[in-house]
Amino acid sequence: MIIRIAQPAYLAEIFLCLIFSAFFYKKGTRAEKWLVPFFAALLCVESYAMYRSAKWISTSLLYNFWFPGEFIFYSLFISSFIQSPVRIKVIRYGVYIYALFVAMSYIFVVNLVNFASTVFLIGVLLILPVCFMKLYEEIEGEIMQHPFKNPLFWFITGLLIENIGSFFILGSINLVKVKNEHMLMSLYDINIIATCMQYFSFLLYFYCRWKYQR
């Protein structure tokens, strides 16, 4: 029941993110300009995933290729706002290592028919430190903007909500799927709610971008 309500809701949120990212395209930073093609691709992927789910067709293969790209994009996007060259270099090396790990895993280890939980979990372990690096940089800055008025605060908050939850939820899907189908559906419901909260936080990013950084 929750999935039937929440999936169209977060698709609508993604569509609004696409519209707002296009609105800020000309005045946005170089990194923000990449939000337009990213949200366009995200909308296509999630719409197709929702169609496949409605037909009871597995989405594992689709997400096995999408999630690594998503982790890499978010990491590079957040890193574009980081001031420290050392931290930027660390993030880029982390991205290169993760991309190599994904390629090697998919070629030699992972059965792509099943959800690649290890690849996903390593991706979460990539994005979370990136988010915390930027938050720490904001806190240690000489002039700290009110968090609620800081667009990037909301973007990072959305990523933290989704990825901390997903670390425990999606990472255990393969195990739960075998042992407890009812628990699996409950985990999906929780993950869908976290996803809705993530994209709502992204909308707050655009609102603050418009309201406080014109």
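This is a predicted model: local features need pLDDT of at least 70, side-chain atom pairs count only at pLDDT 80 or more; totals for chains, interfaces and linings use all residues.
Close-up 1. Residues are numbered from 1 along each chain as its sequence is written, and side-chain values use heavy atoms, with hydrogens and water left out. Helices are DSSP runs (H or I, at least four residues), numbered from the N terminus. Helix α3 covers residues 35-54, and its 20 residues reach 28 Å from first C-alpha to last, close to the 28 Å expected at 1.5 Å a residue. That expected span is 1.5 Å times one less than the number of residues. Among the buried residues of α3 are Leu 35, Phe 38, Phe 39 and Glu 46. Here, buried means under 20% relative accessible area, exposed means over 50%, and partly exposed lies in between (1.4 Å probe, protein chains only).

**Close-up 2. Helix α7 and its start.** At the start of α7, a side-chain oxygen of Asn 150 comes to within 3.0 Å of the backbone nitrogen of Leu 152.

Close-up 3. Asn 163 belongs to helix α7 and counts as buried, at 5% relative accessibility. A polar atom of the Asn 163 side chain lies 2.7 Å from the backbone oxygen of Leu 159. Leaving out residues up to four places away in sequence, Asn 163 touches Phe 71, Val 124, Ile 127, Leu 128 and Gln 198; contact means heavy atoms within 4.5 Å. Now move to Gln 198, in helix α9 (residues 181-212), which is buried with a relative accessible area of 3%. Beyond its neighbours within four places in sequence, Gln 198 is in contact with residues including Gly 158 and Glu 162.

**Close-up 4. Phe 77 and its surroundings.** You can find Phe 77 in helix α4 (residues 60-79), and at 2% relative accessibility Phe 77 is buried. Its contacts, apart from residues up to four places away in sequence, are Ala 31, Glu 32, Leu 35, Leu 152, Phe 155 and Tyr 205. Although Phe 77 and Trp 34 are 43 residues apart along the chain, their C-alpha atoms are separated by 8.5 Å.

**Close-up 5. A network of salt bridges.** Arg 87, Lys 134, Glu 137 and Glu 138 are linked by salt bridges, each being a side-chain nitrogen of Lys or Arg within 4 Å of a carboxyl oxygen of Asp or Glu. Side chains of opposite charge can pair when their charged atoms come close. Arg 87 and Glu 137 meet at 3.4 Å, N to O. This pair links distant parts of the chain, with Arg 87 in helix α5 and Glu 137 in helix α6 (residues 117-140), 50 residues apart. Lys 134 meets Glu 137 at 3.2 Å, N to O, and in the bridge from Lys 134 to Glu 138 the closest N and O atoms are 3.1 Å apart. Lys 134 is buried, at 4% relative accessibility, whereas Glu 138 is partly exposed, at 25%.

Methods. A polar contact is a pair of N or O atoms within 3.5 Å; within protein, one must be able to donate a hydrogen and the other to accept it, and residues adjacent in sequence count only if both atoms are side-chain atoms. Helices (H or I, at least four residues) and strands (E, at least two) are DSSP runs, numbered from the N terminus.
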